Amino acid sequence: MIIATGNNFGCGAIEIKDYQSEKVVVLNAKITFDPRNEAYRNASVLEIYVPDLSFGKSSNSSCFMHTVKLMWPDEYYKSTYQVGTVLTTWIKDKNTICIEKLPIYDEQESVNIVLATLYVQKGKRSAIEKSKTTKVNFTYPNVDMYEDNIICVVEDGWCFLTADFTDRGSDYLDQDIIMNLEGFPTDVNVDVFFTGLPHQADIPGGGSFLGRVENGVITIPAPFPFNSGTGYQPFIFFFAVRDKQ
């Protein structure tokens, strides 16, 4: 676990679950802050300051940004939308993690950044080692969904999972989505991002929801409205630190 020594965007204490080697750094965190503060307004790039990482400069990687917006004050049409997008992130030096500043949610009271990210060393020259994939089976005890395009990689200290989903039931789910993952490590407990859905609100980004994977189960708390319209398939994509290292 990394305890950040500071940041330049007015956020409180930041804890980051980490796996580090000479080849990769995997980081997991949910970072919540108010973008209306002065430090954030003055920052051109968001920086998190940390103790020494295993290498000093990475290639660009990605993380997620999420917010919740109450749309249309009229009581009849009033609805809360959860939206999000992808940000670029990179390791600037051994003590600085950088995240792209994208000011599309600056008027909101609260913004979440979710690190579910693998960084690779920039400029490192060596043979590429192909990881073996692991078969994972999804079951859904309470919703009618199915998954496709599953890729899972399991290494000693970290893992990766991506899949996209189709809802065969209602477009408006008023209960948690629960996904049981047979074959996925049970020593992973991190925040995940469920995204790629349409939305009708006049705000940038796509319909996105915060969830969590714990003990081989992904839970997405009551994503209402689901709005799984034609041409849209929500997906998950995350790198995760394993607790058993």
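Strands here are DSSP runs of E, at least two residues, numbered from the N terminus. The model is predicted.

**Stop 1: a cavity.** The structure holds three cavities of 30 Å³ or more. Select Ser61, Ser62, Cys63, Phe64, Ala116, Thr117, Phe237 and Phe239 to show its lining. Now colour by strand: S6, S9 and S17 (235-241) each supply at least two lining residues. S6 gives the most, four residues. By class, the lining has five nonpolar, three polar and no charged residues.

**Stop 2: the largest nonpolar core.** This core has 31 residues. Select Phe9, Ile16, Ile31 and Ile48, which touch the most other members. Next, show the strands that give two or more residues to this core: S4 (24-33), S5 (45-49), S6 (61-71), S7 (79-93), S8 (96-100) and S9 (111-120). S4 gives the most, with five.

Zoom in on Ile31. Beyond four places in sequence, Ile31 touches Phe9, Cys11, Ile14, Ile48, Val111, Asn112, Ile113 and Leu115. Apart from this core lies another, of 27 residues; Ala116, Val136, Phe165 and Phe184 are among them.

**Stop 3: Ile150.** Select strand S11 (residues 145-154), where Ile150 lies. Is Ile150 buried, partly exposed or exposed? Its relative accessible area is 30%, so Ile150 counts as partly exposed. Leaving aside neighbours within four places in sequence, Ile150 is in contact with Val136, Phe138, Leu161, Thr162 and Ala163. Finally, draw a distance from Ile150 to Asp164: their C-alpha atoms are 7.3 Å apart, with the residues 14 apart along the chain.

Definitions and conventions
Residues are numbered from 1 along each chain as its sequence is written. This is a predicted model: local features need pLDDT of at least 70, side-chain atom pairs count only at pLDDT 80 or more; totals for chains, interfaces and linings use all residues. Side-chain values use heavy atoms; hydrogens and water are left out. A nonpolar core is a set of buried Ala, Val, Leu, Ile, Met, Phe, Trp, Tyr and Cys residues joined through side-chain atoms within 4.5 Å. Buried means under 20% relative accessible area, exposed over 50%, partly exposed in between (1.4 Å probe, protein chains only). Contact means heavy atoms within 4.5 Å. On a 1 Å grid over the protein atoms alone, a cavity is a set of points where a 1.4 Å probe fits but cannot get out, and a pocket is an open set with protein on both sides within 12 Å along at least five of seven lines; lining residues have an atom within 4 Å of a point. Grid points are joined across faces, edges and corners, and a volume is the space filled by probe spheres set on the points. Ala, Val, Leu, Ile, Met, Phe, Trp, Tyr, Cys and Pro count as nonpolar, Asp, Glu, Lys and Arg as charged, and the others, Gly among them, as polar.
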